[in-house]
Amino acid sequence: MIRLLQLSDIHWKDKLNDVDPFKHIREGLIEDIKRGIRQEEITYNSILICGDIAFSGGEKEYEKATIFLKDLLDETGLTKEDVFVVPGNHDKNWFAHPQKFREFINSHICEDKEHDEVLANWLQTDMHSASMMFTPYKEYDKFANEFGCSEMLMNRMNSETLGINAAYTDGDDKMYWEDELAKIGDYTIKIYGLNSGLYSDKYDYDDTEERKDGHKMLLPKLAYNAAKRQDGVVNIMMVHHPMPYIHEGDNLKMELDKLYDVQFYGHVHIANSDNENNCIHVFSGALQPDEMNMGKNYRPVYNIVELDIDNSNGDDYLTMNLQERYWNGSTFTEYRTAQHYSVKLPKYQWKGVNMIQTTNLPDGVTKHVVRVRLINNGKARQIIETLSPGFYDESVPKYYNVMRFLEKVRQEGLWNKLWTEMEK
């Protein structure tokens, strides 16, 4: 069994701590986690954050978010190698140049039935001008780098070295990130992070009266369609916008349900969940809803998620115990009775056979730990050149080089060799 601390919509603003309306909520979260650890011996394996870490994608907002996360990690005994993040619409600087051109594109592209082909063609023929779609994520990209959760394409697009003749590289320029979250019994739990806000701006659709006629977002195939079904693998998806906010969301929901067993969403600010189509959908609520909307049904919420594999009746099921904790004005308490969900997993003849490449890494060292430590290693280039001379490419950012190299490590099974080199 693994236990996840799952948050969304923190909406950090650059405010002095003592005049921040959410100060006591954040302190209450820390105290509630400390209480659970002390009284019920609750321990966590990972932290998942489903977007809107910042309020307007500003550098100071991420600095404050980083301090808050450090406090959270200290209390849970986790490290930044245990954190997974995706961006939300508030993780963009909507006013980054060229604002008006992006808004024009966003308002019209959803009307094009071939929008996936339009984006793909744009990236392949004029990558340099397409980079303007990613510049609002400049500060988010820096923040997400620390956790190995920046998409390679976003990172490259925000690089100062992206030249006018830059060419899109299929397979490297990913619009998503993926990793192995954990092992539970014979199953590998894979996690994918998607960006649903590429076409978001101040005119996009929201369920508030003044924005109900705004344009809906697009979730590109380049973001979600890389996941695949594998024997002995459970797929988890993190994305900010639920399907009602996405263009043709009903059709897309069917596609996502075929690929991802568990789906974590943010954005709606109201905690909810369901167990439809043999999938589990968790709508996270908001840790810090916008104070202007505190009069609605918005309650500050965080989730405790327990995942396990149950094969007691002959078939294999992924099970979830979901506990929602909400702020009642003075402390966090149980929002409602814990929800229990399950997903029946396909029956294959692989049982007992490890379908994901094993490693000889030391106990407690996962592939994700290796990834994040290499990303944050000041000698990353030297390590890469030692293991693969001539591989490092000066024309792309360090993070992009590291992620390319880690794909080579995955394909060639070099995890232990890389860890040994890093430990020298």
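Buried means under 20% relative accessible area, exposed means over 50%, and partly exposed lies in between (1.4 Å probe, protein chains only). This is a predicted model: local features need pLDDT of at least 70, side-chain atom pairs count only at pLDDT 80 or more, and totals for chains, interfaces and linings use all residues. Residues are numbered from 1 along each chain as its sequence is written, and side-chain values use heavy atoms, with hydrogens and water left out.

Reader: How many salt bridges are there?
Author: A salt bridge is a side-chain nitrogen of Lys or Arg within 4 Å of a carboxyl oxygen of Asp or Glu. By this rule the count is 31.

Reader: Which residue forms a salt bridge with Arg3?
Author: Arg3 is buried, at 12% relative accessible area. The closest N and O atoms of the pair are 2.9 Å apart, and the partner is Glu306.

Reader: How many residues apart in sequence are Arg3 and Glu306?
Author: Helices (H or I, at least four residues) and strands (E, at least two) are DSSP runs, numbered from the N terminus. Arg3 lies in strand S1 (residues 2–7) and Glu306 in strand S10 (residues 301–310), so the pair ties together parts whose separation in sequence is 303 residues.

Reader: Is Glu394 buried or exposed?
Author: Glu394 meets Arg381 in a salt bridge of 2.4 Å, N to O. Arg381 is in helix H11 (380–387), and Glu394 is in the loop between that helix and helix H12 (398–412). Arg381 is partly exposed, at 39%. At 53% relative accessibility, Glu394 counts as exposed.
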